[in-house]
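Please report on the structure below, covering its fold, its ligand site and its charged pairs. Keep to computed geometry and give the cut-offs behind each term.

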Amino acid sequence: MDIASLRSEYLRASLDETGVSTEPFAQFRRWFDEALRAELPVANAMTLATSDGTGRPSARIVLLKGIDERGLVFFTNYRSRKGRELAANPQAALLFYWAELERELRVEGRIEAVSAAESDEYFASRPLASRHAAIASPQSEAVANRAELEARFDEAAARGGDSPQRPAHWGGYRLLPQSFEFWQGRPSRLHDRLLYTLGDSGWQLSRLAP
Ligand SMILES: Cc1cc2nc3c(=O)[nH]c(=O)nc-3n(C[C@H](O)[C@H](O)[C@H](O)COP(=O)(O)O)c2cc1C
């Protein structure tokens, strides 16, 4: 297989300044709704990029679990690698790639933990086994083998029963956006890129070269 020859043309849609909302959260919702309506496999999967105190980056996928006027919410283990990195450097980036729609959406900003009440509410909504797993898994730490993980799960299930308590180290983060970039693939690699940045007088819209 010749990897270098893999390429596709982007023909589906275009994006221009007059056709987008002046407010990026509204534009985000529009694109997210379109991704849902297109029945993409995991439309709410997004890459989260963080970096440690020395600037060394890392990235992984998390699921978007909410959006409000403040920002985008996901849930995880606060003691995980991402949690440790966010404690050292709360700046982060989120990235959606909706291949079927020929769209990329980048969101950058500062991260803060959601309230304990918000985390409790979401934790309680998860399937029981997922709650036991969240309690059992020391996310990002080395474990001896699969059997150790399963033993931890069994123990958490036995201890937690039908209404396990959310561990304090498991909960949500909210990214408070400073910028949103909407990328729509176009023919001949002349893609459309519209960037919203938050300034003193609110959101500014500009176009970036592809
Ligand atoms: C589709 C998909 C969804 C995921 N959703 C989450 C999530 O919402 N929260 C989470 O902590 N990890 C999620 N993961 C696992 C992470 O990608 C990652 O393995 C884990 O969070 C540990 O990352 P870290 O060691 O960098 O902290 C998901 C993975 C995939 C492939």
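## Basis of the model

This is a predicted model, in which local features need pLDDT of at least 70 and side-chain atom pairs count only at pLDDT 80 or more, while totals for chains, interfaces and linings use all residues. Residues are numbered from 1 along each chain as its sequence is written, and side-chain values use heavy atoms, with hydrogens and water left out.

## Overall fold

The protein chain has five helices and nine strands. Helices (H or I, at least four residues) and strands (E, at least two) are DSSP runs numbered from the N terminus. Read from that end, the order of elements is α-β-β-β-β-α-β-β-α-α-α-β-β-β.

Along the principal axes, the C-alpha atoms fill a box of roughly 55 × 50 × 40 Å. The chain has 210 residues, of which 40% count as buried. Buried means under 20% relative accessible area, exposed means over 50%, and partly exposed lies in between, with a 1.4 Å probe and protein chains only.

## Ligand site

The shell around the ligand consists of Arg-60, Ile-61, Val-62, Leu-63, Phe-75, Thr-76, Ser-80, Arg-81, Lys-82, Gln-139 and Ser-140. By class, the shell has four nonpolar, four polar and three charged residues. In this scheme Ala, Val, Leu, Ile, Met, Phe, Trp, Tyr, Cys and Pro are nonpolar, Asp, Glu, Lys and Arg are charged, and the others, Gly among them, are polar. Strand E2 gives the largest share of the shell, four residues.

A polar side-chain atom of Ser-140 lies 2.6 Å from a ligand oxygen. The backbone takes part through a polar atom of Leu-63 at 3.0 Å and through an N or O atom of Arg-81 at 3.3 Å. On its own the ligand has 620 Å² of accessible area, and the protein covers 62% of it. Accessible areas come from the Shrake-Rupley method with a 1.4 Å probe; for residues, only the protein chains shown count as cover. Two or more shell residues come from each of strand E2 (57-63), strand E4 (72-77) and helix H2 (81-88).

## Salt bridges

The whole structure holds 16 salt bridges, each defined as a side-chain nitrogen of Lys or Arg within 4 Å of a carboxyl oxygen of Asp or Glu. Arg-81, part of the ligand shell, pairs with Glu-85, with closest N and O atoms 2.8 Å apart. These two residues are separated by about one helical turn because they are four residues apart in helix H2. Arg-81 is partly exposed at 32% relative accessibility, whereas Glu-85 is buried at 5%.

Glu-118 and Arg-174 meet in a salt bridge with an N to O distance of 2.6 Å. This pair links distant parts of the chain, Glu-118 being in helix H3 (residues 116-125) and Arg-174 in strand E7 (residues 170-184), 56 residues apart. Glu-118 is partly exposed at 24%, and Arg-174 is buried at 2%. Another bridge joins Asp-52 and Arg-56 at 3.6 Å; here Asp-52 is buried at 17% and Arg-56 is exposed at 52%. Glu-17, Arg-186, Asp-192 and Arg-207 are linked in a network of salt bridges.

Glu-148 is in helix H5 (residues 146-160) and is partly exposed, with a relative accessible area of 25%. Its side chain reaches the backbone nitrogen of Ala-144 at 2.8 Å. Asp-154 is also in H5 and counts as exposed at 51%.

Met-1 is in the segment before helix H1 (24-37) and is exposed at 86% relative accessibility. With Ile-3 and Leu-6, Met-1 forms a nonpolar surface patch of about 430 Å² of accessible area together. Patches are made of residues with over 30% relative accessible area and no salt bridge, with like charges joined within 9 Å and nonpolar side chains (Val, Leu, Ile, Met, Phe, Trp, Tyr) within 5 Å.

Technical notes: A residue is near a molecule or strand if one of its heavy atoms lies within 4 Å of it. A polar contact is a pair of N or O atoms within 3.5 Å; within protein, one must be able to donate a hydrogen and the other to accept it, and residues adjacent in sequence count only if both atoms are side-chain atoms.
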